Amino acid sequence: MKAIRRFTVRPVLPEPLRPLSGLARNLRWSWHPETRELFEAVDPGGWAAAGRDPVRLLGAVSATRLAELAGDRGFLERLAAVAAGLEEYLGGDRWYQQQSGGAELPAAVAYFSPEFGVTAALPQYSGGLGILAGDHLKAASDLGVPLIGVGLLYRHGYFRQSLSRDGWQQEHYPVLDPNELPLSLLREADGTPSRVALTLPGGRSLRACVWQARVGRVPLLLLDSDIEDNGPTEREVTDRLYGGGSEHRLLQEMLLGIGGVRAVRTYCRLSGHPEPEVFHTNEGHAGFQGLERIRELKDTGLGFDTALEAVRGGTVFTTHTPVPAGIDRFDHELVARHFGDDGVLPGVPTDQVLRLGRETFPGGEPNLFNMAAMGLRLAQRANGVSTLHGAVSRQMFAGLWPGFDPQDVPITSVTNGVHAPTWVAPEIAALGDSGVGEVPDADLWGVRRALREQLVYEVRDRLRASWHQRGAADAELGWIDGVLDPDILTIGFARRVPSYKRLTLMLRDRERLTQLLLHSERPIQIVVAGKAHPADDGGKRLVQELVKFADDPRVRHRIVFLPDYGMAMAQKLYPGCDVWLNNPLRPLEACGTSGMKAALNGCLNLSVLDGWWDEWFEPDFGWAIPTADGSSSDEDRRDTLEANALYALIEDRVAPRFYDRTADPAALPGRWIEMVRRTMTTLGPKVLADRMVREYVERLYAPAAHAHRALDTERARELADWKSQVRAAWPGVAVDHVEAVSASTAGGSAELGSTLALQVRVTLGQLRPDDVEVQAVAGRVGADDTIADAQIFPLKPAGGPDQAGRWVYEGPLALDRTGPFGYTVRVLPTHPMLAAADLGLVALPTEATGEGGGVLMR
Ligand SMILES: *Cc1c(COP(=O)(O)O)cnc(C)c1O
């Protein structure tokens, strides 16, 4: 029988156990082992059944057991200690409070993300982007950074994955009841639930309530449109992550960005939390937050351009993907319909909105609104998520700064990191206390083996459950007890399944892979997992190919595909593997974080030099899979080359080192253990989310807070006026003449160590020397005269203006490199509040300028 109505009966905890409720509702338990152990002790049998989720556990534990615990002195003492520990964690000063320049730091930062992966018990993520956001909140909490997280509460989360008999991905969308999640409703002082509302076309409204999760010290606000005040269509806006068509996505992003700012305002009003001075958007999906803040300022009487300057100063945008399909784009018509005059942001002109999202780069579509382009235009500070990805992003978005070389594009990078307390297995954490450097080989190897063995059992359980799901009876499944071996080299590969991640590269030569799996002395075993996007049949075919290969009785004891990759599985998988494999198409993996989590557990990386691995790889602690990018545009050939390189590496380098035990089978693989140690000691400290969040604070949040404060109404208006004057006057700016007055470059050569004295005449028209910087740009030149590794030499005004409004600029240019060398001169607008390329304006020498167009000395 089915219930016609459903509600949640909350447990009433006996008085002495009340602190359990606060412990369950602060997600710090998800990275605090003592708190988890306490909950396990509440009901050891029920803990696993409740999915290791304290809120569910407390909802299920019997009244008898609760009464018993209420009289258990030992338990109550433990409870008091753990609760006091949480209090202390929430209250005391931490890194952020101890910074000397504390007054320079933002009073608060709002952090927007379409997904948050904090714990498996709050499944609001699809993959790396969300888990990174979760790790960002946790590290911010540990460091005392006053962050407020902002997202959506999806009633179905992302989908759960299972397999059909023939290996085709099946999707399920279980309904989540917020009352059964570690959430509480944001309420007004009178107890009524707070609401945010957005105006939609046709006089409709989109309303949402706001759920709060506590991530240690950090509040996470999640907007939920599934409430009775909404019409049926609006109720479904927050139904699921990355589902639905274009209009659905637009409504989600309007709610996240615009509704998100309103939720933050409401939260600060009700809780007394300081208002954010910096708004950080994790990827473009939340970009409308900037427009809502412009609307707020316009309501106080500011013009659009002034409001835009004020907002940009305090905004940070992080781009996460060089894959165009990963960027949201909407039809202009759709955006215009929602942002029209009586639309969601009254007073914000539609044409201005559309201009912010315009694709003004080669190959851009005139009728598409690009959320990343808007993100970059609304933020004075932007970054990619690894050094390589920063460079790729500067290239990719260079079209938004016409006239500038990619290296001038104002997008920096902060390499991602992962939250160690979440991702390090307790067994490894225990070693860490005494310093991994000191632990004897035998102990380190013992822990690694124990973790591998745990994984073997976990895999068998999951595989059995999957086969039941696929319709198999127990009688057919006896073989599962022989799947994987705790003493065989174990390789892990788990990730979402977009094509660039190449889930099936390892299947390129099936015979060769089979030989590696079944090798008589040095076998390997592989654990694979990953979800394809529900609309991506190509990805589902890849999953099926892999499943079918792994179903083959010849190899099924050595390779498995586990359905429903998620945080709970990941936490077992990374520590249990010896090698973490990553073979994306370089350079499409912006950073990648699973390999970092693996590294923290002493699992070695075997990866293409992409994302973070390109930055930190060293042969002392891992392997780089050679790639054929650049040299071959034929993808098929490239896959073959790279797959062969992968097989060769495993066969010749990885497996021999793992099995290198001298003649004595009881001996330890010393060189392998050394690599494990180096992974943990050399690489470990770099890959931390703590390091990442500190970098965000120092390099982006603090300057953004400074800009936000400096750009009060007066200064923002000055800046906006200055920009429009400069734009209007720019056509009159020109480089007229360039001359090298001393060291002779006659004959096209000069001596190393000599100096070139440049004299340049420029016309500034309506502008003054204060408005511009005149620079020499110099460096090595290639055959096409392109300057590489450019160095900038600012020139100084030395006279002017003459009758024609021309100014003379001078300065030295040091010739400190041998070989082909060249220089040019350019004029840029300059303003103390802006990056050089900010306006996208530059004046360069023309043909008529004579020798200034790039003097070459060979
Ligand atoms: C870390 C993690 C990811 C992201 O891994 P990548 O290496 O960035 O692909 C995806 N899913 C889960 C469950 C994770 O824990």
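This is a predicted model: local features need pLDDT of at least 70, side-chain atom pairs count only at pLDDT 80 or more; totals for chains, interfaces and linings use all residues.
Helices here are DSSP runs of H or I with at least four residues, strands are runs of E with at least two, and both are numbered from the N terminus. Residues are numbered from 1 along each chain as its sequence is written, and side-chain values use heavy atoms, with hydrogens and water left out.Now to the ligand. Its shell holds 15 residues, with K501, Y574, T593, S594 and K597 the closest; a residue belongs if one of its heavy atoms lies within 4 Å. Domain 2 (105-155 + 182-332 + 372-417 + 697-710) and domain 3 (435-680) both contribute to the shell, so the ligand lies between them; the domain bounds come from an automatic or database assignment.

Polar contacts (pairs of N or O atoms within 3.5 Å) show up at several spots. An oxygen atom of the ligand is 2.5 Å from an N or O atom in the side chain of S594, and an oxygen is 3.1 Å from one in the side chain of Y574. A polar backbone atom of T593 is also 3.1 Å from a ligand oxygen. The protein covers 95% of the 390 Å² of accessible area that the ligand has on its own, by the Shrake-Rupley method with a 1.4 Å probe.

Elsewhere, an open sheet has 4 strands in the order 21-22-26-25, paired antiparallel; pairing takes at least two DSSP bridges between strands. Strand 21 (734-740) and strand 25 (796-799) form the edges. Strand 21 is joined to strand 22 (residues 755-763) by 6 bridges, and E739 stands opposite Q759 in strand 22.

Technical notes: A polar contact is a pair of N or O atoms within 3.5 Å; within protein, one must be able to donate a hydrogen and the other to accept it, and residues adjacent in sequence count only if both atoms are side-chain atoms.
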